[in-house]
Amino acid sequence: MRDMTKGAPLGHLFLYAVPLLLGNWLQLAYNAVLPKASPAGLRPQARVEAQPPEAALSAETEAGSGPVR
């Protein structure tokens, strides 16, 4: 264990920060290279077909055609 009460403060800060930075960089590299391991990440994405704007407007007006309270 290092005695951080003696010596140059910047040197102690640097030596304290090196493992933290290295861990962050390794985590970033791991996440960039490997896919997500969750079950949802392993399934292919469902394709959503685009609807014409008229369909969206008609669905909105049908949903809002009831009485307003």
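Trainee: Which helix does leucine 26 lie in?

Mentor: Leucine 26 lies in helix α1, which covers residues 9–33, and please keep in mind from the start that this is a predicted model.

Trainee: Is leucine 26 buried or exposed?

Mentor: Leucine 26 has a relative accessible area of 55%, and because the cut-off for exposed is over 50%, leucine 26 counts as exposed.

Trainee: And which residues make the nonpolar surface patch there?

Mentor: The patch is made by Leu21, Leu22, Trp25, Leu26 and Leu28, and together they give a nonpolar surface of about 560 Å².

Trainee: What about histidine 12, buried or exposed?

Mentor: Histidine 12, which is also found in helix α1, is buried, with a relative accessible area of 9%.

Trainee: What does histidine 12 touch?

Mentor: Leaving aside residues up to four places away in sequence, histidine 12 touches Arg2, Asp3, Met4, Lys6 and Gly7. Two of these contacts, Asp3 and Lys6, also form a salt bridge with each other.

Trainee: How far apart are the closest N and O atoms in that salt bridge?

Mentor: The closest N and O atoms of lysine 6 and aspartate 3 are 3.0 Å apart, and the structure holds one salt bridge. Lysine 6 is exposed at 58% relative accessibility, whereas aspartate 3, at 39%, is partly exposed.

Trainee: Changing topic, how many helices and strands are there in the protein?

Mentor: The protein has three helices and zero strands, so along the sequence the pattern reads α-α-α.

Trainee: How much of the protein is buried?

Mentor: Buried residues make up 1% of the 69 residues, and the accessible surface comes to about 7000 Å², with 66% of that area belonging to carbon and sulfur atoms.

Methods. Residues numbered from 1 in each chain as written. Predicted model: local features only at pLDDT ≥ 70, side-chain atom pairs only at ≥ 80, totals over all residues. Heavy atoms only, no water. Patch = residues over 30% accessible without salt bridge, like charges linked within 9 Å, V, L, I, M, F, W, Y side chains within 5 Å. Areas by Shrake-Rupley, 256 points an atom, 1.4 Å probe, with all protein chains shown as cover. Salt bridge = Lys/Arg side-chain N within 4 Å of Asp/Glu carboxyl O. Helix = DSSP H or I, 4+ residues; strand = E, 2+ residues; numbered from the N terminus. Buried < 20%, exposed > 50% of the residue type's maximum accessible area, 1.4 Å probe, protein only. Contact = heavy atoms within 4.5 Å.
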